[in-house]
Every structure is written in structure tokens, then in C-alpha cells.
Amino acid sequence: MKTRQLIQSTYFELLREKKLGKITVSEIARKANIDRKTFYLHYDSVEEILKSICRDKVEELMMLVQENPLEDNGNPLIELFEIMTEMVENNLEFFRFIAENPEYDHFFDQIKEILVTSVEQKYQQLFRLTVQELKFYSEFYVSGIIAVYIHWIREASPVSSRELAMLVSNATMYGIRSILVDSTLDSAEKTAAKKESGE
């Protein structure tokens, strides 16, 4: 496992210097201080490294969802978002690379499928919704969460992952309309306070 991790970290180091598809087995072996035979014990090709990591992360997310059952009195969307946040924080370099390369959008499709299924199963227990309604609501919210993450990673936003989690949590819990109304009230209160203070 340590050698696989070494190969993976070396691969991402080289990706900072070279374009995808230009990295060779020899370069990875030389930089990781291993021989080519050791590389081929773990991977069939350079391309297989990223494919393997994608599979590992999909399986990791499935395990996290299974090991952290959604609370009956909680908000499934927020709980799943927290699971996703932890996973992204622990693998930020990988997620940044995937988000910046559209040819790997299928990875996020797999992530979305896992999250949508989890939300559907939990909402089915909590609410009286038709199968079609469940699918629409789950797709809508989970797609939004995934899109927010991709944007956050691609833009290298100064917003921290915790702040991002709070923003999305508020949006899923209270809805955009409620947030906009609160924001308008806050603005009005500040204006009134300034008038009272003579500013």
C-alpha cells in the first residue's frame, strides 16, 4: 500500500510540471526511487493510476455513507455534505485535478449517483413522496452540492471548506428565499442603525 501511495503522490507531483498524457513510467520510477518492475506490480500503465484512484475514492465514499447512517431527525443533505467535505479535504489535490479536467466528469457522475441513492432512501423513510418526486428533489439538491464543490475547487476560492459547508447547509436547510429575506432584513437593520447613530 505504501508503494502505491508513493507512486500516486509522485504522479501528482509530475502533473504540476507536465500535461496529462506526457508522463512516463520511467519518470515516475526515477522520481519515486523505484524500478519499473515495481511500478508494474501495482499498475499496468500510467493511465491506470488515475483510473485506480477514481475507483478507490468511489468505494471510499460508499463505505463512508454506509458507516455513517443518516440520522432520522437530521437533514440527510447536510449530513451527506459533511461526509463529502471530509473526503474532499483529505484528498484536495486529487479532487482539484479531477475538477479541472472535464474528461473526468464521469467520476463526479458516480459520486452523484451514490449520494442521490442515499438521499432517496432516507427521504423515503421520512416523507410521503412519490418515487418520481423523490428522484426530482434528490437530483436537484445533490446536483447543486456537486456543482458548488466543483466551482469551489476550480476557482480556488478563498472561502474555507467549513464556510462552504455552512453556506450550503443553510441553503439546503432554509432555502434561498429565506436566506435572501434574512439578508434584506439585515441590510435594513444596518441602515436604520446608521440613521439612529447619525452616520
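These exercises look at helix packing in a predicted model. Residues are numbered from 1 along each chain as its sequence is written.

**Exercise 1.** Find how the axes of H1 and H2 are arranged.

Solution.
Step 1. Helices are DSSP runs (H or I, at least four residues), numbered from the N terminus; H1 covers residues 2–15 and H2 residues 25–32.
Step 2. The two axes, lines fitted to C-alpha atoms over the stretch in contact, come within 9 Å and cross at roughly 110°.
Step 3. Therefore H1 is roughly perpendicular to H2 (angles of 65 to 115 degrees count as such).

**Exercise 2.** List the residues through which H1 and H2 meet, and sort them by class.

Solution.
Step 1. Contact means heavy atoms within 4.5 Å.
Step 2. From H1 come Leu6, Ile7, Thr10, Tyr11, Glu13 and Leu14; from H2 come Glu27, Ile28, Lys31 and Ala32.
Step 3. These divide into 6 nonpolar, 1 polar and 3 charged (Ala, Val, Leu, Ile, Met, Phe, Trp, Tyr, Cys and Pro are nonpolar, Asp, Glu, Lys and Arg charged, the others polar).

**Exercise 3.** Name the buried residues of H1 and the helices they pack against.

Solution.
Step 1. Buried means under 20% relative accessible area, with a 1.4 Å probe and protein chains only.
Step 2. In H1 the buried residues are Ile7, Gln8, Thr10, Tyr11, Phe12, Leu14 and Leu15.
Step 3. Their packing partners are H2, H3 (36–42), H4 (46–67) and H6 (92–100).

**Exercise 4.** State the angle between H6 and H8 and the distance between their axes.

Solution.
Step 1. H6 and H8 (residues 131–154) pack at about 100°, with axes 9 Å apart.
Step 2. H6 is therefore roughly perpendicular to H8.

Terms used:
Predicted model: local features only at pLDDT ≥ 70, side-chain atom pairs only at ≥ 80, totals over all residues. Heavy atoms only, no water. Axes fitted to C-alpha atoms, helices over the stretch in contact; angles between N-to-C directions. Helix = DSSP H or I, 4+ residues; strand = E, 2+ residues; numbered from the N terminus. Parallel < 35°, antiparallel > 145°, perpendicular 65-115°, else oblique. Buried < 20%, exposed > 50% of the residue type's maximum accessible area, 1.4 Å probe, protein only.
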